[in-house]
Amino acid sequence: MYRKNCEKCNRPSFGSSEFGKWFCPLCGNDLTERPFFDANTLERIHVKTFPRKRILQNYQKI
Ligand SMILES: [Zn+2]
């Protein structure tokens, strides 16, 4: 479970996926580019989405 903080309404938002768009359920602010935090420990999580993107691009070239 992940947590992101909305800078607009200063409320936490929770989700289970590190992929796709993430919007604040309260104000609709786009939180996709905000850092991930662990919902339980509140530690910052560094999600590695770039290598996956690179793999997809390599497939398209072939
Ligand atoms: Zn918000």
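How many bridges join β1 to β3, and in which sense do the two strands run? The two strands run antiparallel and are joined by 2 bridges. The views below are of a predicted model, in which local features need pLDDT of at least 70, side-chain atom pairs count only at pLDDT 80 or more, and totals for chains, interfaces and linings use all residues. Residues are numbered from 1 along each chain as its sequence is written, and side-chain values use heavy atoms, with hydrogens and water left out.

**View 1. Confidence along the protein.** pLDDT is the predictor's confidence in each residue, on a scale from 0 to 100. The protein has a mean pLDDT of 85, with 76% of its residues at 70 or more. Among its elements, β1 has the highest mean pLDDT (96) and helix α1 (residues 50–61) the lowest (59). Helices (H or I, at least four residues) and strands (E, at least two) are DSSP runs, numbered from the N terminus.

**View 2. The zinc site.** Four SG atoms, from Cys6, Cys9, Cys24 and Cys27, coordinate the zinc ion at 2.2 to 2.4 Å. Along the chain, the donors follow the spacing C-x2-C-x14-C-x2-C. Donors are N, O and S atoms within 2.8 Å of the metal (3.2 Å for Na, K and Ca); water is not among the atoms, so sites may look incomplete. The angles among the 4 donor atoms are 105 to 120°, and the site is tetrahedral; four donors count as tetrahedral if all angles lie between 85 and 135 degrees. Buried means under 20% relative accessible area, exposed over 50%, and partly exposed in between (1.4 Å probe, protein chains only).

**View 3. The sheet.** Four strands form an open sheet in the order β2-β1-β3-β4, with antiparallel pairing. β2 and β4 are the edge strands, each pairing on one side only. Two strands pair if DSSP finds at least two bridges between them. β1 and β2 have 4 bridges, and β3 and β4 have 2. In the hairpin of β1 and β2, 6 residues lie between the strands, and Asn10 takes a positive phi near 55°.

**View 4. Ser13 in strand β2.** Ser13 is located in strand β2 and is the bridge partner of Lys4. At 3% relative accessibility, Ser13 is buried. Its side chain makes a polar contact of 2.8 Å with that of Trp22. A polar contact is a pair of N or O atoms within 3.5 Å; within protein, one must be able to donate a hydrogen and the other to accept it, and residues adjacent in sequence count only if both atoms are side-chain atoms. Beyond its neighbours within four places in sequence, Ser13 is in contact (heavy atoms within 4.5 Å) with residues including Tyr2, Arg3, Phe23, Pro25 and Leu31.

**View 5. Arg44 in strand β4.** Arg44 belongs to strand β4 (residues 44–45) and is exposed, at 52% relative accessibility. Phe37 has Arg44 as its bridge partner in β4, and Phe37 in β3 also stands opposite Arg3. The C-alpha atoms of Arg44 and Arg3 are 9.3 Å apart in space, while the residues are 41 apart in sequence. With neighbours within four places in sequence left aside, Arg44 is in contact with Pro35, Phe36 and Phe37.

Technical notes. Four donors count as tetrahedral if all angles lie between 85 and 135 degrees; four count as square planar and six as octahedral if opposite donors are over 155 degrees apart and all others between 65 and 115; anything else is irregular.
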